Amino acid sequence: MSGLGETPALDLRGSDVLVVDDSAVVRAKLSKLLTGAGYAVTLARHGQEAIEQLNEHWFAVMITDLEMPRMD
């Protein structure tokens, strides 16, 4: 039973996650970490690619770099 004011943890394992970063190393590391934790991961290299992915699919979570080429 949760105490007063406590929010139950949200379990998103198995959910689709979009990772957007211009660094191939960051994308690879996050993909490995998230896939190992049970998430379905889709990768994008910049904002424009992320928009294309978002037009095709719904994601529970998006992890993104703030400054990227083409579109932040």
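In what order do the three strands of the open sheet lie, and with what pairing? The order is E2-E1-E3, and the pairing is parallel; two strands count as paired if DSSP finds at least two bridges between them. Helices (H or I, at least four residues) and strands (E, at least two) are DSSP runs, numbered from the N terminus. E2 and E3 (61-64) are the edge strands, each pairing on one side only. From one strand to the next, the twist averages 20°, with axes taken as lines fitted to C-alpha atoms, for helices over the stretch in contact, and angles running from 0 to 180 degrees between N-to-C directions.

Before going further, please keep in mind that this is a predicted model, in which local features need pLDDT of at least 70 and side-chain atom pairs count only at pLDDT 80 or more, while totals for chains, interfaces and linings use all residues. Residues are numbered from 1 along each chain as its sequence is written, and side-chain values use heavy atoms, with hydrogens and water left out.

Let's start with E1. Strand E1 (residues 16-20) runs parallel to E2 (residues 40-44), and five bridges join them; Val19 has Leu43 as its bridge partner in E2. E1 also pairs with E3 in the parallel sense, over four bridges, and here Leu18 stands opposite Met62.

Now follow the helix. H1 (residues 24-36) forms a right-handed β-α-β unit with E1 and E2; right-handed means that, with the strands pointing away from the viewer, the path from the first strand over the helix to the second runs clockwise. Within H1 sits Ser31, which is buried at a relative accessible area of 17% (buried is under 20%, exposed over 50%, partly exposed in between, with a 1.4 Å probe and protein chains only). Not counting residues up to four places away in sequence, Ser31 touches Val41 and Leu43, where contact means heavy atoms within 4.5 Å.

The largest nonpolar core has six residues: Leu18, Val20, Ala44, Ala50, Phe59 and Met68. Such a core is a set of buried Ala, Val, Leu, Ile, Met, Phe, Trp, Tyr and Cys residues joined through side-chain atoms within 4.5 Å. Beyond its neighbours within four places in sequence, Leu18 has contacts including Ala44, Ala50, Phe59 and Ile63.

Finally, look at Arg13, in the segment before E1. Arg13 counts as exposed at 56% relative accessibility, and its contacts, leaving aside neighbours within four places in sequence, are Ala37, Gly38 and Tyr39.
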